[in-house]
Amino acid sequence: LTLALRLFRYLAFHRQFSLVTSTLIHSYAALAHFLIVFGIILFLFAFVGHNLLGHKLENFSTFPGAVNQMFSMIVFDDTVSFTDIQEVSPGVGHFYYWAWFTISSLLLINVLLAILLDSYALVAQRASNSNYVWQDIMVQVRIARFWAFINRAVYKEVKEAEEALYRIGKKHRTLTIAEVKQVLEGFGLPPYVVWNVVLMQERATRADMEAEAVQTKLETVDGKLDALAAQVEQLLQAHSNSLRPVNR
């Protein structure tokens, strides 16, 4: 059990792997209330079965044995069959067996599944924006292969391409992704090297654009605040002038 819990903990590094643990964590409150109700009903039926059938059936002879038999009947274990219960108690035993079957297998189990499915749908929706595991693995493999290749073979060419990009970018201020790709291909670099550099350049460009957008919004807010402060100052000045006494 400890190893299984540790395994779930270690698998939580990725959103797709942590769906099971996240589902259980999200539904813990509903599961706690369900287990309380389930335990009450289980112990009630176990107590009735122990007093009703314990003098004839060995599995019901003790209260812990009766509780264990209740769990076995949920998964359709035929250790104690319907025929055995009916032979011991023909009237009440018939009602007892079908009442437990209806409440446990048809009602409580479906309520448990509804709680888990509801939480799973919500957790899966939150994790829908994340990549699948194999996609992240492929990206890491390509990046690792890219740096390994640089260390062995084309370090000089990559440095020259980097210097060329720096010169062109300094001259033209901005570079598009297509221009970056064209410069790299001009140095005869392999396609996957070009792909990795363009990918990193695209991410850096997107980050710069987001930072510029945030800076523009902040400047707009600062301008509005300055204008509002000037208006407030004018209103206060006009109000103070209206309160001055008039010399006659």
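This is a short chat about a predicted model of one chain.

User: Before we start, what kind of model is this, and how are residues numbered?
Analyst: It's a predicted model, where local features need pLDDT of at least 70, side-chain atom pairs count only at pLDDT 80 or more, and totals for chains, interfaces and linings use all residues. Residues are numbered from 1 along each chain as its sequence is written, and side-chain values use heavy atoms, with hydrogens and water left out.

User: OK, what's the secondary structure of the chain?
Analyst: Nine helices and zero strands. Both are DSSP runs numbered from the N terminus: helices are H or I with at least four residues, strands are E with at least two.

User: How much of the chain is buried?
Analyst: Of its 248 residues, 26% count as buried. Buried means under 20% relative accessible area, exposed over 50%, and partly exposed in between (1.4 Å probe, protein chains only).

User: Switching to H4, which residues are buried there?
Analyst: Gly65, Ala66, Val67, Gln69, Met70, Ser72, Met73 and Ile74.

User: And what covers them?
Analyst: The cover includes H3, helix H5 (82–88) and helix H6 (92–126).

User: What caps the N-terminal end of H4?
Analyst: Threonine 62 does, with a side-chain oxygen 3.2 Å from the backbone nitrogen of glycine 65.

User: What comes just after H4?
Analyst: Phenylalanine 76, which takes a positive phi of about 60°.

User: Last one: where is phenylalanine 43, and is it buried or partly exposed?
Analyst: Phenylalanine 43 sits in helix H3 and is partly exposed, with a relative accessible area of 44%.

Notes: Contact means heavy atoms within 4.5 Å. A polar contact is a pair of N or O atoms within 3.5 Å; within protein, one must be able to donate a hydrogen and the other to accept it, and residues adjacent in sequence count only if both atoms are side-chain atoms.
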